[in-house]
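Biologist: I have a model open and would like to learn how to read it feature by feature. Can we go through it together?

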Amino acid sequence: MCGMFFTFNDDYIPRLQQANAKRGGVNESLTKVDLYETDGGWIGHFQAPTSTVSRRHPNFCDHKEFGGKDTSNLWHNGILKEYTIRDMQEKFNTKEEWDTALLHEHIMQFGDLSDVDGSFAVIVEYNFSGKNYLYFARNALVPLYMNADELILSSTQVPELGVTELIEAGKWYFYEDNEFHKVTSTAHKNILNPFTTKNNPYEL
């Protein structure tokens, strides 16, 4: 599995990189994200050799390609089942093979994450009307830990930074007003609706 992290604090980056690097091995990235009403944060990603397609994160999506107005970047830890990739290729009429890009489009076209067979935790930078917002979620097959006080996310626990709390699977979270919040409301055709984990053999 891949490793990824988020932090506002530059001083935490080396330790978060060290903790997540062991989950990668193919390529890595460190991206500055200019979130609304902040001085910006950092998202790091370490790509694991989990598929035949490997690219540096994030994956960029221009929503105008399917009738939207916004743009978004997505970082992914996990791997989708081969039949799910084929189903998404057919659905989106594309030869794209990278599961991260296909998962990204699935989310942004209001696809139900309960239908996605595979593992995923995602961090999304969403640009709405020129302002960037941060969202994140996971299904029950991969971890994503947080320190809500220090506003840190990590694929691995980092006890010395207080990153030990596993976010709830099947729920979306977002950053606003110097806090991480869990999305509690639901709506028809909303990318932030709760979801279940398909073919879940265990709880994580």
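Biologist: Which residue does Arg15 form a salt bridge with, and how far apart are the closest N and O atoms?

Modeller: Ground rules first: this is a predicted model, where local features need pLDDT of at least 70 and side-chain atom pairs count only at pLDDT 80 or more, while totals for chains, interfaces and linings use all residues. Residues are numbered from 1 along each chain as its sequence is written, and side-chain values use heavy atoms, leaving out hydrogens and water. Now the idea: side chains of opposite charge can pair when their charged atoms come close. The cut-off for a salt bridge is a side-chain nitrogen of Lys or Arg within 4 Å of a carboxyl oxygen of Asp or Glu. Arg15 pairs with Glu160, their closest N and O atoms being 2.1 Å apart. That links distant parts of the chain, 145 residues apart: Arg15 sits in helix α1 (13–21), Glu160 in the loop between β9 (152–154) and β10 (165–166). Helices (H or I, at least four residues) and strands (E, at least two) are DSSP runs, numbered from the N terminus.

Biologist: How many salt bridges does the structure hold?

Modeller: Four. Another of them joins Lys81 and Asp117, at 3.4 Å from N to O. Here Lys81 is in the loop between β5 (71–80) and α2 (82–92), and Asp117, 36 residues away, is in the loop between α3 (99–108) and β6 (118–128).

Biologist: Is Asp117 buried or exposed?

Modeller: Buried means under 20% relative accessible area, exposed over 50%, and partly exposed in between (1.4 Å probe, protein chains only). Asp117 has 3%, so it counts as buried, whereas Lys81, at 40%, is partly exposed.

Biologist: Now the sheet. In what order do the strands come?

Modeller: Strands of a sheet pair through backbone hydrogen bonds, either parallel or antiparallel. The cut-off for a pair is at least two DSSP bridges between the strands. Here six strands form an open sheet, ordered β4-β5-β6-β7-β11-β12, with antiparallel pairing. β4 (59–62) and β12 are at the edges with a single partner strand each, so one side of each has no neighbour in the sheet. From one strand to the next, the twist averages 25°.

Biologist: How many bridges join β5 to β6, and what packs there?

Modeller: There are 10 bridges between these antiparallel strands. α3 packs on the sheet, touching β4, β5 and β6, and its direction makes about 125° with that of β5. Contact means heavy atoms within 4.5 Å; axes are lines fitted to C-alpha atoms, for helices over the stretch in contact, with angles from 0 to 180 degrees between N-to-C directions.

Biologist: Which residues of α1 are buried?

Modeller: An α-helix has 3.6 residues a turn, so residues three or four places apart point the same way. In α1 the buried ones are Ile13, Leu16, Ala19 and Asn20. Their arc (taken from the directions from the helix axis to the C-beta atoms) is only 130°, which puts them on the same side of α1. They pack against β1 (3–7), β2 (27–33), β3 (41–47) and β9. The face turned away from them carries the exposed Pro14 and Gln18.

Biologist: Last one: what does the side chain of Asn139 reach?

Modeller: The backbone oxygen of Gly118, at 2.8 Å. Asn139 lies in the loop between β7 (131–138) and β8 (145–147), and it counts as buried because its relative accessibility is 0%. Leaving aside residues up to four places away in sequence, Asn139 touches Gly118, Ser119, Phe120, Ala169, Phe195 and Thr197.

Technical notes: A polar contact is a pair of N or O atoms within 3.5 Å; within protein, one must be able to donate a hydrogen and the other to accept it, and residues adjacent in sequence count only if both atoms are side-chain atoms.
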